[in-house]
Amino acid sequence: MIDILSIILNTCPLFIAYQIASIGHSVVEKSGVLNLAIDGLFVLAISVSFMQAVYSGNDILSSILLSIVVTLLIGLFIVFISTKLPVSQGAIGLSIMFICYGLAGILGVPARSHQGSTGLKIGFNIQQNIVYSTIALVLTILLTILIHVIIEKTKLGIAIRACGENPLHAEALGVNVLRIRLIAGAIGYGLIGLSAGLFELLYSRLWREGHGMGHGWIVLAISLSSGRNPLLCLATTFLFSTLYEYRFSLLVFGIPREFIETLPYIVAILSMIIYKTTPLGEKLKPPQYLGKPYFKEERTI
Amino acid sequence: MSIKNSNFFSKQPFLVAKGVSKTFSTIKALDKVDFNIYSGQIHGLLGENGSGKSTLVKILYGIYTPDEGEIYINNKRVYITSPSVAIKNGIVLVSQTPILIDKFTIVENMLMSLKQYSLLTKSKTIYSFLTDFFNKIGLKIDPNTEVYKLSYTEKQFVEIFRAILLNAKILLLDEVTTFLPSSEKKKLYSLFKELVKTGRSIVLITHKISDALEICDYLTILRRGRVVLNTPCSGISIDYIRKNMFGETDYINSKIHVEPVSNKLVLKTENIWVRGGSGEYRVKGVSIYLRKGEVLGIAGVTGNGQIELLEAIYGLKKIEKGRVFIENTDVTNKDTGFIRKIGIGFIPDDPIKYGLSIENNIVENYALMETNSFLINWSLFEKNAREYIDKYNITTPDVYYPVKLLSGGNLMKVLISRELEYSSKILIACNLTRGLDEYTKYLVKKLIYEKTKNGLSVIFTSDDLDDVLEFSSRILVMNSGIVVGEFSANNVNRDEVEKLMVM
Amino acid sequence: MISINIAIVKRKKPLPKWLIPLLSLISGILTSLLILYVVSHGSINPLDVLIAIGNSITQPNLLLKNYAMLLVIGCGLLISFKAAIWNIGGEGQFYFAVIGAAWFALYSGLAEIPIINKFLMIALGLTTALIWILIAALIRGYIGLDEVPVTLLMNYIAYNIVDYLVNNHWREQVYRYTRTPTIPVETWFTNIPFTNATLELLLITLVTILLTWIILNYTYIGLFIRTMGSNPNVLKTIGVDVSKTIIYVLIISGLLIGLAGVSYLAGDTHLISSPVIAHTPYYGYTGILVAWLSLLELKYLFVTTYIVSALINAGINIQIVGVGGASIVNLMIGSILLTYTILFVFHEYSVKIIIKK
């Protein structure tokens, strides 16, 4: 018998992590900045919040805060470089991804052995707690609606979307593209950092080298196949978080464990293909200038 | 003609541009131009292709910075380094290509420009205010409409209203009336008259002399980057203006007339309609034909649909209505590969972006002539390269010289040589003579004629009217998306052509 | 009020091209060293690292295997990147070739036929690699999805497929360790004495370099590759089917990487261990660095591969309490790539800082 309530409860922490991350990723990309570094940032932020939790005696607040700060700093750097210089945004994203993978391991391993010697349990389990889970879910949904309203209905949101659709026209219309993209980056990367902290401290509550790899790509797939629309992400996030959380229940059907591990990735690719090849992709096109260099030449002062 | 302040020099000009010059690599777009704008005046800026009028207003709007010259507003020196600085000084540009973002609504586009609203302002805040404003002006559009749904005219109106909302003291309007039907034009003119009553100024760039004389108070004519005439509009004839725009050219009918090899039709278009980049139709029902061995030139001011027509024939632009036939084969909307295989060559309007592979060398670019085999026959293309370099007088130290290091003219020569040598049935050329010196033009003409004797047909445009007249065996004139005149080389009258271009 | 404005202006004369990889290597390595020093609370002495790198560089016989493997993969990626198609799925294509080769060696029954067996093994490995890359190629060519997330996700899927085979059907039965049985000796590549490389690998490397050179310089697809990287619009104007071209490019890229995969099985490990993610030599990713740093020019590839192989060897030898070699290598790859991407801008542009009152 499938108990809906316990499904929702169990999936809750992963759901809110995925949802907040995909909102953040969507905001960043809506401003025209390609965010291929997401998997690296996610992994690094997870490692950083783990590290802080271990060294601070499981201070959840400071751990999540540190995670946000680290992601913000790197993210704003990405935005600045991508907008100010005629660089390949894809290359920036990938190289930062590698750096983050490396840093995550280098920072996390000593913390892990420290944890091993102290035996400290980190994180906070909300999976069986109805009250906390409900609060978390409600807050996440409110956040989703808030971001959606900002992006769709306010001047800031219009400016952010304009930077993604056509930054040259946006500039002609009076938008300071760098300033707006930095604001979008602050919101977006802040949310990504928050989600990683929540993932680590509310959901996985353990760490080993390489922990978290792949989830960033799931978030990218969620965001892309939902047309970078926070409200639609709710549905896609629900799909992926339940799939991931309950994937091993498919073992009863005789599906080998390894194939089950591939399922989130296969579904991610399929959802992106479905998005691209159906009317969904027509209605919710990606920002036209996503990843394109904004740089204009004619400035001979 | 409008009757405005009879004494134009009684008050100080609002904006003074003194000695403005601008050079783009080798082309001097503006040469020590003086330009004064008075409040309450509609000031026409006229000139043919390459005269520098667009460059001048872009400098005033901060898109370009001048190499030399000064700009004063109310006697104070200003440095207009970007559009936002221009807007702060009360100068707003509305150009032929709308800057509105199609996906967004009118409200959203406007909100971005209005500095007085904070970032968290909701779009519905300005909705009612915009609706009132539109009603007052007589514009029946819901501000919540997405811009891509608007007609080209409506987009222009919206941009002009944006300028008003931005408290523009000077509205720079670059060819905004070019594609408007006359009923819409009249609407716009009455709006202009209203605007200048309150002391605003309008600078109207147009190539249509009659439009300018109808609405402007004062005219400035540029030719090849220099001011050739400043005059009030009263009592001036169209012919006088035209002579100043085009100059006294010694047009020598060079007598190498090309009679078509046969009357066989090699290309035919039936009432084709093609859209431009902003959604409006740039080609409005054009039916033309091309005979075997004929050189057909299309004269017209830049931006009147010539390029879109040629691109559509070659398969690069969608033909919304109508059909195209190449030797009885219907090629309407077939892909470019198919059309090229028939033996059709193409010289694009932007040679660097679409014609030549800029990171490769000359021989490699010639190798692109033949794309159906697996291995490249380098010795063949090297041989061809040497032959063409000689034949087309291309200046390069080596056949393996990277194309991006060539001068603009030589670049064009490589492209022209490749396409001319490739074409077996038709050569389609956008802006055939761009960047070519006199000798090369003569060479290209000679080589084209040789090929036409063997059955090649050519259809081309050029920004330089002289070239169109000299190269063609038959001439069409395009204006605002339709063909307005046809001449054969032995009975073409230059004055007539000019008139049709600017009517 | 002082305003600081940063203007990026095109240089009249571009800086020498080779300066960029050189500077990137230096600054990338220095950045990594700095980070390592700080993060390890001073226990990692930069000097030790530099000595380790120095040792690596001066022992070519120990570098030969990595050098050859990275050259092969570097060629495959160079072809793809030159066309501005980012094949990040090298790991997946590598391991799918391993699958094909392993099946042949272990279960085809033909593995013991002398000489022919190696050719057949390579053929099978290339076939499985082809199937894998074809999926990504069709998704990118016909559907138009960005190849970076797709190929990356496919890497994870590939790892798991290999794990499945190794843990179940192909698991060695003697001790039930999570690995395949060792492939028959007849299929092993021949080791070159005093080095860690094999004869067949060297042959494959030579063939790869030759093929790459021929493709890039003597075929139309090579010309299209070189054109697509800067001017995809030109191809469209010439009437070339860009989608088909993209697919062909990815196939070539995947097949070359597949060659490296077969060599890895037959010349290096002689078996597959699971979980793959813990045992992979990571060439699919280090190859990216190698290809990029070479400015996508075959002639520079020889140099960058040498340096990167030395770095990897040094990196793996640096021990930080329990941190796997992968993290160090990732840090180095990322730092060098990042500095390269940014420095590349300065080859064509210069930065002017304008301070106005």
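What percentage of the 301 residues in chain A is buried? In this predicted model, buried residues make up 57% of chain A. Chain A contains twelve helices and zero strands. Along the principal axes, the C-alpha atoms of chain A fill a box of roughly 60 × 45 × 35 Å. Among contacts in chain A with a separation of 6 or more, 81% join residues 24 or more positions apart.

Chain A also meets chain C. Here, 47 residues of chain A are in contact with 45 residues of chain C. On the chain C side, at least two residues each come from β1, α1 (19-39), α5 (116-143), α6 (147-167), α14 (325-348) and β2 (349-356). By class, this side of chain C has 32 nonpolar, eleven polar and two charged residues.

Confidence was examined next. The predictor gives the complex an ipTM of 0.91 and a pTM of 0.88. The mean pLDDT of chain C is 88. In chain C, 96% of residues reach 70 or more. Confidence in chain C is highest in helix α4 (residues 90-107), at a mean of 96. It is lowest in strand β1 (residues 3-10) of chain C, at a mean of 71. Where pLDDT is low, the predicted coordinates should not be read in detail. Strand β1 of chain C is also one of the elements that supply residues to the side touching chain A.

Key:
Residues numbered from 1 in each chain as written. Chains lettered and ligands numbered in written order. Predicted model: local features only at pLDDT ≥ 70, side-chain atom pairs only at ≥ 80, totals over all residues. pLDDT = per-residue confidence, 0-100. Helix = DSSP H or I, 4+ residues; strand = E, 2+ residues; numbered from the N terminus. Contact = placed C-beta atoms within 7 Å. Nonpolar A, V, L, I, M, F, W, Y, C, P; charged D, E, K, R; others polar. Buried ≥ 20, exposed ≤ 12 C-beta atoms within 10 Å, placed from the backbone.
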